[in-house]
Amino acid sequence: LQRGVDVTSARNIPLYLDEGIHLTADATFERWGTENPYQARCYIIDLRTNTYVKGLSENSVIKYGDGIVYTGYDLAGYKGAQLFCPSQLVPISNITLEGFTVDGNGYNNKNRVLNPAGNTSNSQALVLALGRKARVKNCVFKDIPGCQVIYSRDNFKDVVISGNTF
């Protein structure tokens, strides 16, 4: 999936997902810097400018692999796995996710771990950190035990989320 996103984003063309289950690989845990312990990303697919992923139907499923979500934590902060997320603090734009299912794989992953502050970890299917123009349309988000399925910070402009099922 990452390779498909890389190639199609560079060419500014859609990545079409056929019907069936596409299992994700392990998440990659990275810190953006040491000055703020909360500046961390645990991404599975590195979101790029011009990312356009379109499923043929809701039977086109991206499913988190078993055990993928737990990434560890330290005394300062914790991040659950984020499916689509930029790996760096750089502006991204022209993001479209449309017409497929994201299956968080529920209790088969290790998402329900308490961090040192006593809070449950959170998984996010999509993180929009910087940039503009994002569309999330007609997707199904299933079995994602996090409080923020789609997270968009206020510095990401022109976001449209419509026709989705949570």
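## The largest cavity

The lining residues are L1, V5, L15, L17, I45, V53, I62 and F84. A cavity here is a set of points, on a 1 Å grid over the protein atoms alone, where a 1.4 Å probe fits but cannot get out, and lining residues have an atom within 4 Å of a point.

The structure holds one cavity of 30 Å³ or more, and the space in the largest cavity is about 30 Å³, a volume being the space filled by probe spheres set on the points, which are joined across faces, edges and corners.

## Basis of the model

The model is predicted, so that local features need pLDDT of at least 70 and side-chain atom pairs count only at pLDDT 80 or more, while totals for chains, interfaces and linings use all residues. Residues are numbered from 1 along each chain as its sequence is written, and side-chain values use heavy atoms, with hydrogens and water left out.

## The sheet

Five strands form an open sheet in the order 1-5-8-11-14, with parallel pairing; strands are DSSP runs (E, at least two residues) numbered from the N terminus, and two of them pair if DSSP finds at least two bridges between them. Strand 1 (15-17) and strand 14 (156-162) each have a single partner strand, so one side of each is left without a neighbour in the sheet.

Strand 11 (residues 131-137) pairs with strand 14 in the parallel sense over six bridges, and G131 stands opposite F156 in strand 14.

## The cysteines

With a disulfide taken as a pair of cysteine sulfur atoms within 2.5 Å, the count comes to zero. C85 counts as buried at 0% relative accessibility, and C139 is buried with a relative accessible area of 1%, where buried means under 20% (1.4 Å probe, protein chains only).

Terms used: 1 Å grid on protein atoms, 1.4 Å probe; cavity = no way out; pocket = protein on both sides within 12 Å on 5 of 7 lines; lining within 4 Å. Helix = DSSP H or I, 4+ residues; strand = E, 2+ residues; numbered from the N terminus. Buried < 20%, exposed > 50% of the residue type's maximum accessible area, 1.4 Å probe, protein only.
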